[in-house]
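Here are my notes on this one, as promised. Have the model open while you read.

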Amino acid sequence: MHVLALVTQKGGSGKSTLAIGLAVAAMADGECTALIEADVQGTISKWKDRRTGAYPHVERVADTAEMEQAIARLEAEGIWLAIIDTAATNNALAMRAIARSDFCLIPARPTPADIEAAIPTLIAIRRLGRRFAFVLNQAPPRGGRVSEAGTSLNSLGLLALPYIGQRNDHQDALGAGLAVTEFARAGKASEEIQALWRWISTQLIGESSLRAQSVLKAAS
Amino acid sequence: MRRSLVELTAVASRELPDGLSATPAGSVAAVVNRTPRRERAAEIQATPEAAVAASEVASVAASHSGELSASDSTAELAVKIAKEFQERALEDFRVSMNAALDYAKNIVETRTGGAPKGGRPVKPEAPILTGLEAAARYRAEAIELLKANVETALGYARELASARSPADFVELSSEHARKQCEFVLKQTGALKSFARDATKRE
């Protein structure tokens, strides 16, 4: 099972919205996907309450022991991808999410506050030796600021592509208990999320094939 | 006047540990020892020692985080990270050691024709003994490495308590990362020589 963690101590950067968007995009791709909500704010649980479908499965966890149990349970159920949404703080639960993940995504809006807030998270991720990428989120439609932010994030580490634009579809979908790819299938927001999911899946699959290679090498 | 995001990021990124930006620390260890198999870890015979050491690390780290002022978020974060990292490193180490011992056992069993129960082995040959010897040697060496690893971990946790500035943290972190890498290299070397000893008399 792959574990993808959305982390950054900045609130409002779009961790939960991206987690939902990516989970549903992965499901549409035929992957067994589940969400782990490690955030007392409960954005994902509330979204799930509004949702009519049974999937994706959502696990709420309040501490690290519960997180371990949830991961073990999902793995036993044959889930291929677990996406962990964390709270906007560097608490023990967020640390555990980083430690248990194969890949961390750090959403950041093109603001100094978001980029600065990503630094402690970045230190934690590097210390724990996890792979990561930034996602430039809620980017304005055009202008120099977006490319400036892209350059900034790229100087700190890998930047996922494409940027996710600032669009009402994301919020409207959340309110309707849908993901943006279900809410406005042909919209720009939907396109961007799908493309971002493809980018991430390449990262995840690329990593596991590398790992398989190292195992084979060790065995021979 | 507006300062560009690029400039602000450059300022903010000065907090980042230099030694960690080129190669993520622990990535080597993560690749080598990544598959967590908790149930196996529990079986290993070296567990009592390791468990004591692990709890010592945890308590050292915990007592330090208690001493830290609430505003000292970098040091607090460092302790948290160190704790997580050590727990994981110890567990991974035990698991990989156990896997290596299993491997040794399998070799021996294969050569005795599936470990006959009650029946005499057909031919108690020298290569079997060599395999056992190599396994015993590897195990002894692995325990030494584990001890050394735990000592570094403890030292790191202790030193972190005195780290009061981001600069201290950077220095300690890169130093620890270097030591950690050396252990992984040493462990890999031991594994290699074990594999060579165990297989060269096929």
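1. What share of the 202 residues in chain B is buried? Buried residues come to 32% of them, where buried stands for 20 or more other C-beta atoms within 10 Å of a residue's own, exposed for 12 or fewer and partly exposed for anything in between, with C-beta atoms placed from the backbone.

2. Some housekeeping. This is a predicted model, so local features need pLDDT of at least 70 and side-chain atom pairs count only at pLDDT 80 or more, while totals for chains, interfaces and linings use all residues. Residues are numbered from 1 along each chain as its sequence is written, and chains are lettered from A and ligands numbered from 1 in the order in which they are written.

3. Chain B has eight helices and zero strands, which gives the pattern α-α-α-α-α-α-α-α along the sequence. Helices (H or I, at least four residues) and strands (E, at least two) are DSSP runs, numbered from the N terminus. Among the chain B contacts with a separation of 6 or more, 84% join residues 24 or more positions apart; a contact needs C-beta atoms, placed from the backbone, within 7 Å.

4. On to chain A and its sheet. Six strands make an open, parallel sheet in the order S3-S2-S4-S1-S5-S6 (chain A), with pairing taken as at least two DSSP bridges between two strands. S3 (57-60) and S6 (131-136) of chain A each have a single partner strand, so one side of each lacks a neighbour in the sheet. From one strand to the next the twist averages 20°, using axes fitted to C-alpha atoms (for helices, over the stretch in contact) and angles from 0 to 180 degrees between N-to-C directions.

5. S1 (residues 2-6) of chain A pairs with S4 (residues 81-86) of chain A through five parallel bridges, and Leu6(A) has Asp85(A) as its bridge partner in S4(A). S1(A) also runs parallel to S5(A), joined by three bridges, and there Leu6(A) stands opposite Leu105(A).

6. S5(A) is mostly covered, with five of its six residues buried. Six parallel bridges link S5(A) to S6(A), including the one between Ile106(A) and Phe134(A).

7. Helix H4 (residues 92-100) of chain A lies across S1, S2 (33-38), S4 and S5 (103-108) of chain A, at about 155° to S4(A). Helix H6 (residues 144-156) of chain A also packs on the sheet, where it touches S5 and S6 of chain A and makes about 170° with S6(A).

8. Helix H3 (residues 64-76) of chain A buries Met67(A), Ile71(A) and Leu74(A). These fall within an arc of 70° seen down the axis, so they line one face of H3(A); the arc is that of the directions from the helix axis to the C-beta atoms. Their cover includes S1, S2, S3, S4 and H4 of chain A, whereas Ala65(A) and Ala76(A) are exposed on the other side.

9. Last, Glu75(A), which sits in H3 of chain A. Glu75(A) counts as partly exposed because it has 14 C-beta neighbours inside 10 Å. Glu75(A) and Met1(A) are 74 residues apart in sequence, yet 6.0 Å apart in space, C-alpha to C-alpha.

Conventions. Contact = placed C-beta atoms within 7 Å.
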